[in-house]
Amino acid sequence: RLARFTSLFIGESPNSSEVTIINPEILDFAESGGALTAVAAGTIEIENRALGYTIQYFLSDFRAEPMRTQYDGEPLYTELKPSSPEEAERWRLKRNEAFMGSFRHFLLSLISNRTKGQGFKTYSRPGMNRSPAGTFEGGSGINSRFPIDPEKLFVQGETATEYLLNFEGYIEIAYMGEVEHPSYAKWSGAFGRRGERFQTSWIIMERGPTTIDYKGDILDPYGVTFSGYLAFERVADEVPKEYRPR
């Protein structure tokens with residue numbers, strides 16, 4: 001159960017191999033009908049040697065079903081002290097890489113009307129549906145995608161610092177600044193696929209319109225459901241909310 005939790009919570013990306021849960025003994029697990037739930041008796045202490053952080057994670061919810069994982073909590077980051085200038089530079093580059101193409105990067109680009117300049121392309125996928133098993137299926141139009149103006153995805157919220165994501169169906173987000181890591185094909189089950197592809201994800205709002213703030217935070221942690229590359233990257237690939245590339 002701990003191994004399953006770790007792969008689902010920390011992730012299976014290359015960064016995950018350098019991430020350790022220091023105090024796994026505080027975790028309690030339960031399984032029912034194929035679903036795994038986890039509760040923590042205290043703060044989960046995590047060391048991320050890939051990005052150079054220790055993380056105190058206040059886990060409030062974790063549930064993993066066969067084709068869906070959801071978790072929520074509040075992470076508190078502390079920078080590790082690099083052992084050399086080379087390690088400091090490695091961490092800087094890895095943090096930048098983690099931020100670029102992330103959903104926060106996308107939302108900040110969306111708010112500032114710079115998605116194209118930041119390397120994002122957005123499409124509507126009207127023929128795409130998710131089956132109960134979690135795979136994508138549809139009619140003859142499943143492969144159809146139509147470019148969509150990013151400004152149509154959100155409107156001003158109730159205050160000057162809030163915005164409302166408001167769209168129907170699946171939206172495809174392609175980040176043209178970086179190709180998929182080879183490990184993504186194994187994780188997603190796309191064995192034997194030829195050629196490199198840019199990082200591509202799909203989002204849907206199963207609870208209707210959801211609010212984001214000016215920092216690129218979703219106020220409802222389950223307001224947006226991710227598939228594709230954004231679902232592949234988990235805690236091992238996250239940087240603090242205030243982080244910006246430098």
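S32 is exposed, with a relative accessible area of 56%; exposed means over 50% and buried under 20%, with partly exposed in between (1.4 Å probe, protein chains only). S32 belongs to strand β2 (residues 27-32). Strands (E, at least two residues) and helices (H or I, at least four) are DSSP runs numbered from the N terminus.

The model is predicted: local features need pLDDT of at least 70, side-chain atom pairs count only at pLDDT 80 or more, and totals for chains, interfaces and linings use all residues. Residues are numbered from 1 along each chain as its sequence is written, and side-chain values use heavy atoms, without hydrogens and water.

The largest nonpolar core has 28 residues, and F5, F9, I44, I46, Y57 and F62 touch the most other members. Such a core is a set of buried Ala, Val, Leu, Ile, Met, Phe, Trp, Tyr and Cys residues joined through side-chain atoms within 4.5 Å. Elements supplying at least two residues each include α1 (2-9), β4 (44-48) and α2 (85-99). The most, six residues, come from β5. Contacts of I46 (heavy atoms within 4.5 Å) include F9, V19, Y57 and V235, leaving aside residues up to four places away in sequence. A second, separate core of 18 residues has F120, Y163, L165 and F167 among its members.

| Strand | Residues |
|---|---|
| β12 | 162-165 |

Three bridges join β11 to β12, and F154 has L165 as its bridge partner in β12.

A search of the whole structure finds one cavity of 30 Å³ or more. On a 1 Å grid over the protein atoms alone, a cavity is a set of points where a 1.4 Å probe fits but cannot get out, and lining residues have an atom within 4 Å of a point. The largest cavity has a volume of about 70 Å³, the volume being the space filled by probe spheres set on the points. Its lining includes G101, F106, F120, Y175 and E233.

Terms used:
Two strands pair if DSSP finds at least two bridges between them. On a 1 Å grid over the protein atoms alone, a cavity is a set of points where a 1.4 Å probe fits but cannot get out, and a pocket is an open set with protein on both sides within 12 Å along at least five of seven lines; lining residues have an atom within 4 Å of a point.
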